[in-house]
Amino acid sequence: MRYRVTLIEGDGIGPEVTAATCRILAAAGAPIDWEPAPAGGLAMEQYGVPMPDVTLQSIRRNRLGLKGPLMTPKGGGFRSANVALRQELDLYVGLRPVRALPNVPGAWPGLDLVLFRENTEDLYAGIEHEVTPGTVVSIKTSTRAAGERIASWAYEYMRYRGRRRIHCCHKAAVNPLADGAFLTAFREVGAAYPFIEQLDLGVDSLSLMLPLDPSKFDVLLLQNLYGDILSDLCAGLAGGLGVVPGANIGSRAAVFEAVHGTAPDIAGQGKANPLALLLSANMLLEHVGEWKIATRIERAVWRVLADGDHLTGDLGGTAGTEEFTTAVIDALGESS
Ligand code: NAI
């Protein structure tokens, strides 16, 4: 079986890290045919919007996408391309695994967390208005249905992956209706998973406890805004955004992406680290069940990182994108 995957190169370092990732996947024998599609700066030039219909249609058709970072156009009232993608394709699961990788400075030893973020509701509904001069209202949406579907996804993921402890993190004491509905959905859906330890915690307590000792946590489930903030905090525990993969998954499509930005300061210089996008592509391979190839790539990456001879500048090394990519491809041979 081969998979057609929409490929959004993205802006800045995007073309460099996507090219490196595609090279490694091809060398590992991943059965993927790429279908390039524009977004970000390129789409602004061609279509006048950062996330054009032609790209959304491509993902709808293929049901799978790999996305490099996109610059957010300043001014002009454009919806962020990333937010548009999640909303238009109803990619309600924000999935971010964070792990300590070898030789990544600042990573918590042994870190191994998975964060689930509800991607479609909350303050991101964009419902905001001025009631009287000087007073604005921003509406936080929270439906029972959205809470249930993300909770179901998280529990099923845990069942499949053998993870056994989940914390639903909220502020139900302050927002008993909005956060309370999310918490109730978490508990009710959880009744079907008695073998999973189910806990809940204030998001403020979580923010204190995580940096003190992340080993206390296994899987985290949060609403959109808390998930947005805490997922970056978790990335910090893994050594930064440059080493963390991510996915946005819905019932009909899934888009895998590096969570770092376009790194304009190093774009076009051959210095970018493709690791985050490569690990995101590996999540795509796991998502479609290509476990053998994904494991082979993962082993090769760990070997290169552990050896430490071909680390990119952001990890304290001197290698460029090309050298790191070639090292991973060479290591593939050793890990088969
Ligand atoms: P950034 O992540 O692009 O850069 C922050 C720092 O990390 C820079 O020093 C950069 O050189 C470094 N860095 C990031 N990725 C790297 C990689 N793969 N290899 C080596 N070094 C790396 O964040 P910044 O500067 O805040 O944002 C730049 C642009 O990216 C903005 O237009 C922003 O809107 C966009 N952005 C897009 C995202 C996405 O599409 N998912 C996420 C975050 C920002």
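## Sheet, helices and ligand site

A polar contact of 2.6 Å joins the side chains of T6 and S58. The model is a predicted one. T6 lies in strand 1, which spans residues 3–8. With a relative accessible area of 1%, T6 is buried, because the cut-off for burial is under 20%. Beyond its neighbours within four places in sequence, T6 is in contact with E35, A37, S58, I59, N62, L64, G65 and L66.

H167 has L199 in strand 9 as its bridge partner.

Strand 6 (residues 128–132) and strand 7 (residues 135–138) run antiparallel, joined by 4 bridges. H129 stands opposite V137 of strand 7. The hairpin of strand 6 and strand 7 has 2 residues between the strands. In this hairpin, G134 takes a positive phi near 90 degrees.

Helix 7 covers residues 203–212, and its buried residues are V203, L206 and L210. Seen down the axis of helix 7, these residues fall within an arc of 40 degrees, so they line one face of the helix. An α-helix has 3.6 residues a turn, so residues three or four places apart point the same way. L208 and L212 are exposed on the other side of helix 7. The cover over the buried residues of helix 7 includes strand 5 (112–118), strand 8 (165–170) and strand 9 (197–202). Strand 10 (219–222) and helix 8 (224–237) are also included in this cover.

In helix 4 (residues 81–88), the buried residues are A81, N82, A84, L85 and R86. They pack against helix 3 (53–62), strand 3 (64–67), strand 5, strand 11 and strand 12 (254–258). R86, in helix 4, has a relative accessible area of 13% and is therefore buried, the cut-off being under 20%. Not counting residues up to four places away in sequence, R86 touches L91, R117, N119, N248 and E257. The C-alpha atom of R86 is separated by 7.1 Å from that of T120, although R86 and T120 are 34 residues apart along the chain. Just after helix 4, D90 takes a positive phi of about 50 degrees.

Most residues other than glycine have a negative phi. N103 is placed in the loop between strand 4 and strand 5. Its relative accessible area is 41%, and N103 is partly exposed.

What surrounds the ligand? Of the 18 residues around the ligand, L70, G261, A263, D265 and N273 come nearest. A polar backbone atom of L70 is 2.8 Å from an oxygen atom of the ligand. For G261, a backbone N or O atom lies 2.7 Å from an oxygen atom of the ligand. For A263, a polar backbone atom is 2.7 Å from an oxygen atom of the ligand.

A263 belongs to the loop between strand 12 and helix 9. Its phi is positive, near 45 degrees, in a residue other than glycine. A263 is partly exposed, with a relative accessible area of 22%. T262 lies in the loop between strand 12 and helix 9 (275–287). T262 is buried, with a relative accessible area of 12%. Not counting residues up to four places away in sequence, T262 touches D11, G12, I13, P69, L70, M71 and A267. Among these contacts of T262 is L70, one of the residues that come nearest the ligand.

Technical notes
Residues numbered from 1 in each chain as written. Predicted model: local features only at pLDDT ≥ 70, side-chain atom pairs only at ≥ 80, totals over all residues. Heavy atoms only, no water. Buried < 20%, exposed > 50% of the residue type's maximum accessible area, 1.4 Å probe, protein only. Arc of directions from axis to C-beta. Contact = heavy atoms within 4.5 Å. Pairing = 2+ DSSP bridges. Near = heavy atom within 4 Å. Polar contact = N/O pair within 3.5 Å; in protein donor to acceptor, adjacent residues only side chain to side chain.
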